[in-house]
Amino acid sequence: MAVDSAISSPLGPPACEKDAKALQFIEETTRNADAVQERVLAEILSRNAETEYLKRFKLHGATDRDTFKSVIPMITYEDLQPEIQRIANGDRSPILSAHPISEFLTSSGTSAGERKLMPTIQEELDRRQLLYSLLMPVMNLYVPDLDKGKGLYFLFVKAESKTPGGLLARPVLTSYYKSDHFKTRPYDPYNVQTSPNEAILCADSFQSMYSQMLCGLVERHQVLRLGAVFASGLLRAIRFLQLNWTQLAHDIRTGTVNPKITDPGIKDCLARILKPQPELADFIAKECSKDNWEGIITRIWPNTKYLDVIVTGAMAQYIPTLDHYSGGLPLACTMYASSECYFGLNLNPMCKPSEVSYTIMPNMAYFEFLPHEPNSAWSTRGSSPKLVDLVDVEVGKEYELVITTYAGLYRYRVGDILRVTGFHNSVPQFHFVRRKNVLLSIDSDKTDEAELQKAMENASEILRNFNTSVVEYTSYADTKTIPGHYVIYWELLVKDPANSPSHEVLNRCCLAMEESLNSVYRQGRVADNSIGPLEIRVVKNGTFEELMDYAISRGASINQYKVPRCVNFTPIMELLDSRVVSAHFSPALPRWTPERRR
Ligand code: AMP
């Protein structure tokens with residue numbers, strides 16, 4: 001029920017006193033955005049004035065924007081690699097941050113094939129927590145009565161490793177779920193989840209998923225919203241249900257737990273929750289044994305009001321599949337964040353996915369924006385780019401996000417391209433356009449053109465023994481299967497037909513490609529089971545020429561035509577698929593361990 005109008009917010013009437021405070025915070029921070037940004041920058045620069053990095057640029061203790069902008073360069077991860085390596089190797093001196101680096105957050109963005117290591121400091125957890133605390137108050141403005149039930153969220157921790165100097169390296173969500181901020185969060189009637197902490201915190205992905213699904217099934221009438229971080233994660237959960245419903249129904253029928261669940265914490269939790277429920281088991285078996293899984297989410301969880309998953313950016317490819325399984329439930333994209341920094345939230349979370357805009361919260365970091373002009377002169381000639389401040393961006397324009405964080409990244413290029421769609425008070429709202437240089441993505445993996453080319457070269461080595469070469473290739477992220485997988489179309493030149501590569505050899509080529517893809521891809525294949533085996537489809541000779549003819553018939557210039565290294569336009573896919581002569585899949589898992597290769 002809305003609280004009285006005395007504390008109403010311009011965003012809408014808050015659902016409770018706690019929400020009123022959160023909405024008021026959003027209002028104040030977004031109204032005074034420029035002052036907040038100035039304060040954030042001054043805080044970051046003054047507390048880190050004695051760091052090696054800031055001293056190097058002779059900031060001499062200045063904390064104002066003009067001096068900062070005139071002396072501190074804009075950088076990429078690669079520029080910071082030497083400092084990061086020293087910290088990873090155990091140098092505890094104040095290199096980037098005056099506060100001790102508490103751990104490294106491993107980004108899904110990679111550098112030289114390995115996850116980027118983002119330094120973080122203890123207090124950043126408070127900042128992340130603060131952003132999380134704003135999400136439900138905003139959602140409650142749009143969806144009533146979320147305190148009358150629970151959320152079924154599939155959340156997971158991932159493998160951790162240690163750097164040579166002994167610092168933990170793990171994904172930001174693993175760090176958050178393992179923190180007291182998450183584990184001992186106070187009870188909030190609007191944010192009760194069916195998954196017990198023990199299930200979320202279990203590193204074995206099967207046991208974690210199984211127990212979260214079981215709890216969600218047992219409480220199926222209480223579930224008001226279903227979610228995962230990304231759309232791909234929720235679809236993986238649906239696939240898991242397809243593969244495991246018989247055993248899940250058995251557990252529900254008998255009130256006993258699958259012997260594959262060995263984690264003592266989970267077993268204790270399930271023992272408390274499970275009792276024989278034959279009717280529920282019958283219902284689940286009846287629904288899941290149907291051939292048609294259309295609308296399965298609302299059949300099993302009939303009170304679901306929305307799906308809480310990110311479907312912006314690379315995840316947009318999953319919208320049709322989610323619609324199929326949910327019968328078109330609203331898709332809520334609530335926040336925009338990264339390992340480097342949490343950025344902001346969606347103030348209108350029930351809008352259509354294509355209309356999602358994220359409002360940057362000016363208290364999280366100091367934000368600057370590099371006007372995005374793909375082949376602009378400065379990037380090629382080295383002249384200084386002009387970065388625009390948060391409140392000065394212009395509606396309709398595209399920018400690359402550049403951040404200065406409390407943890408010690410200064411004018412760091414995140415690599416995301418954003419378009420300004422409007423303002424909330426003085427803070428811009430951004431449509432996530434894309435991440436730079438990503439060709440293929442199924443889950444959190446991001447493969448760029450150079451990595452695909454390297455993988456191609458690795459596989460081509462095998463073909464050389466058969467006097468065969470790849471004349472042309474392109475790729476496609478096939479998300480019709482769950483998990484999705486990379487498809488690579490090859491046109492081959494077989495010089496010695498008597499010794500042409502066999503089916504097995506081409507299968508090995510698939511694996512050779514996977515072996516040289518980055519560690520996030522390989523982790524998705526090996527540990528998370530979020531990416532299926534890579535497929536090579538060999539197409540008839542002349543197919544790529546037909547592709548060119550098609551592009552030219554649609555207006556491409558012959559002189560400038562280049563084979564697209566990734567395709568997803570239906571007529572092109574149809575052309576390619578109609579020319580396939582054989583298909584081959586990776587016969588094994590590529591190598592992957594949590595330890596870094598370097
Ligand atoms: P990571 O460094 O692995 O935490 O990944 C962070 C990146 O994920 C961001 O820089 C974005 O490219 C992407 N990302 C995060 N949140 C969203 C979102 N809401 N919509 C689209 N892409 C997102």
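Residues are numbered from 1 along each chain as its sequence is written. In this predicted model, local features need pLDDT of at least 70 and side-chain atom pairs count only at pLDDT 80 or more, whereas totals for chains, interfaces and linings use all residues; side-chain values use heavy atoms, without hydrogens and water.

**View 1. The packing of helix H11 (residues 231-254) against helix H15 (residues 319-326).** Helices are DSSP runs of H or I with at least four residues, numbered from the N terminus. The two axes, which are lines fitted to C-alpha atoms over the stretch in contact, with angles running from 0 to 180 degrees between N-to-C directions, lie 10 Å apart at an angle of about 45°. Contact (heavy atoms within 4.5 Å) joins Ala231, Leu234, Leu235, Ile238 and Gln242 of H11 to Thr321, Leu322 and Tyr325 of H15.

View 2. A ligand nitrogen atom is 2.6 Å from an N or O atom in the side chain of Thr312. A nitrogen atom of the ligand is also 2.9 Å from a polar backbone atom of Met335. An oxygen atom of the ligand lies 3.0 Å from an N or O atom in the Ser339 side chain.

**View 3. The crossing of helix H17 (residues 449-464) and helix H18 (residues 503-516).** Their axes come within 8 Å and cross at roughly 145°. Residues of H17 that meet H18 include Leu452, Ala455 and Ile462; among their partners in H18 are Val505, Cys509 and Met513.

Note on methods:
Helix = DSSP H or I, 4+ residues; strand = E, 2+ residues; numbered from the N terminus. Polar contact = N/O pair within 3.5 Å; in protein donor to acceptor, adjacent residues only side chain to side chain.
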